[in-house]
Amino acid sequence: FSLPPAVTYSTVNSAANTAGLEFSVKSNACGSAVVTVIAVDNNNNQNAIFSNDIALTPYERTRGTTYVKDGQVVNTCTHFTTSQSCSFTISVSCQNDAPTFLMGPSPVTMQEDDLKGFQYTTWARNSSGGAGENTPQSELSYNVFLVDPFHKDLFTVQPHITQTGDLKFKAAPNAHTVNKRVLAAVQLQDSSGGFSCDVFVVCPMPTCCPEFEIIITPVNDPPTFSSGGDIQVYE
């Protein structure tokens, strides 16, 4: 907790004889905590008891403007007529934070008709399962989307990124990007269904996926011609 659980009389509704529970959870913290409340009167007498109808329930909003995501209180204190204290559990569910990574340089360039294809080792790097999460590399995968689907015809092996961050693709024979701008968007996904960005959001919205450009430079192919066949003449 950044603000420990507290039941304060500043939130007491004297007519209803109830009080509010306030707490704030640290960033990226999740788990359960058992909290005990002791009733004390104005004379510091801990023999004060809970009345029949008191129930401790959490505020949806913590002190200030910080919200407790997925926070809930279970086993609340109700109908305590003979006890001076009660215990309950505050549970804060862990949420799957969006994975992150650092994208490599853009544009990336290859020559037309390069039979080896293109490879840039560790083009994507510093991948993480999200803030405060220790996600194994094997549980992260990259998705690459061509912004213009018609550009798929430029490749025999579509642009993709391996789990180790290597960017690879192979251009189709005689394909180049003259008079074209080929853009690809990159998304990192974890095994729990978390995504680093939203491919359906148009940039420059904050949640859009980062893009890079692919350039395939043309080469001067040798000229060719077809023979017209044998020619026969008379003397």
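Student: Which residue in S14 stands opposite Leu183?

Tutor: Opposite Leu183 stands Glu213 in S14. One caution before we go on: this is a predicted model, where local features need pLDDT of at least 70 and side-chain atom pairs count only at pLDDT 80 or more, while totals for chains, interfaces and linings use all residues. Residues are numbered from 1 along each chain as its sequence is written, and side-chain values use heavy atoms, with hydrogens and water left out.

Strand S13 (residues 182-190) and strand S14 (residues 211-217) run antiparallel and are joined by four bridges; strands here are DSSP runs of E, at least two residues long, numbered from the N terminus. Both belong to an open sheet of four strands with mixed pairing, in the order S7-S14-S13-S10; to pair, two strands need at least two bridges found by DSSP. Strand S7 (108-111) and strand S10 (140-146) are its edge strands, each pairing on one side only. On average, neighbouring strands of this sheet are turned by 30° against each other, direction ignored, with axes being lines fitted to C-alpha atoms and angles running from 0 to 180 degrees between N-to-C directions.

Let's finish at strand S10, where Asn143 lies. Leaving aside neighbours within four places in sequence, Asn143 is in contact (heavy atoms within 4.5 Å) with Ala185, Val186, Gln187, Gln189 and Phe195. With Gln189, the Asn143 side chain also makes a side-chain polar contact of 3.1 Å, meaning a pair of N or O atoms within 3.5 Å, one able to donate a hydrogen and the other to accept it, where residues adjacent in sequence count only if both atoms are side-chain atoms.
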